Amino acid sequence: MLLPLAERVLNEQIRASTAARERLTALDGRRFAVTVRGTGLRIVLEGAGKTLKLSRSAEDCDVELTGSASDLLKLARSASLSDLRRVDARLNGN
């Protein structure tokens, strides 16, 4: 699957950024899920020291973002708050 490749690319980007490495240490052990509504696709990102682990775990997460594929893409590309008003996505958790 593509998860190992995506995990490697993300962690390469993190290693290249001092700010990302510093922020990631605060997320150690925290889990964030992204669920694509209507597809059954759920990706979990977990802080693991100075890296991120990606999985398809069904376990509970600290935060979960859920939306359709198109809404999640709009969210990722949004440049302003007005763009966010037209996105049907939910963010739940702490």
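Hi everyone, let me begin with a definition: a salt bridge here is a side-chain nitrogen of Lys or Arg within 4 Å of a carboxyl oxygen of Asp or Glu. By that criterion, the structure holds six salt bridges.

A word on the source. What you see is a predicted model, where local features need pLDDT of at least 70, side-chain atom pairs count only at pLDDT 80 or more, and totals for chains, interfaces and linings use all residues. Residues are numbered from 1 along each chain as its sequence is written, and side-chain values use heavy atoms, with hydrogens and water left out.

Arg-30 pairs with Asp-62, and their closest N and O atoms are 3.4 Å apart. Arg-30 lies in the loop between helix H2 (18-25) and strand S1 (31-36), while Asp-62 lies in the loop between S3 and strand S4 (63-67), so this bridge ties together parts that are 32 residues apart in sequence. As for labels, helices (H or I, at least four residues) and strands (E, at least two) are DSSP runs, numbered from the N terminus. Arg-30 is partly exposed, with a relative accessible area of 37%, and Asp-62 is partly exposed at 29%. The cut-offs are under 20% relative accessible area for buried, over 50% for exposed, and partly exposed in between, using a 1.4 Å probe and protein chains only.

Next comes Arg-37 with Asp-88, whose closest N and O atoms are 3.5 Å apart. This pair links distant parts of the chain, 51 residues apart: Arg-37 is in the loop between S1 and strand S2 (41-48), and Asp-88 is in the loop between helix H4 (81-84) and strand S5 (89-93). Arg-37 is partly exposed at 36%, and Asp-88 is partly exposed at 47%.

Now, how far apart are the closest N and O atoms of Lys-74 and Asp-71? They are 3.8 Å apart. Both residues sit in helix H3 (residues 69-77), three residues apart, so about one helical turn separates them. Lys-74 is partly exposed at 43%, whereas Asp-71 is buried at 9%.

Finally, the core. A nonpolar core means a set of buried Ala, Val, Leu, Ile, Met, Phe, Trp, Tyr and Cys residues joined through side-chain atoms within 4.5 Å. The largest one has six residues: Leu-3, Ile-14, Leu-24, Ile-43, Leu-52 and Leu-54. Helix H1 (3-15) and strand S3 (51-55) are the elements giving two or more residues to this core. Beyond neighbours within four places in sequence, Leu-3 is in contact (heavy atoms within 4.5 Å) with Ile-43, Leu-54, Ser-55 and Arg-56.
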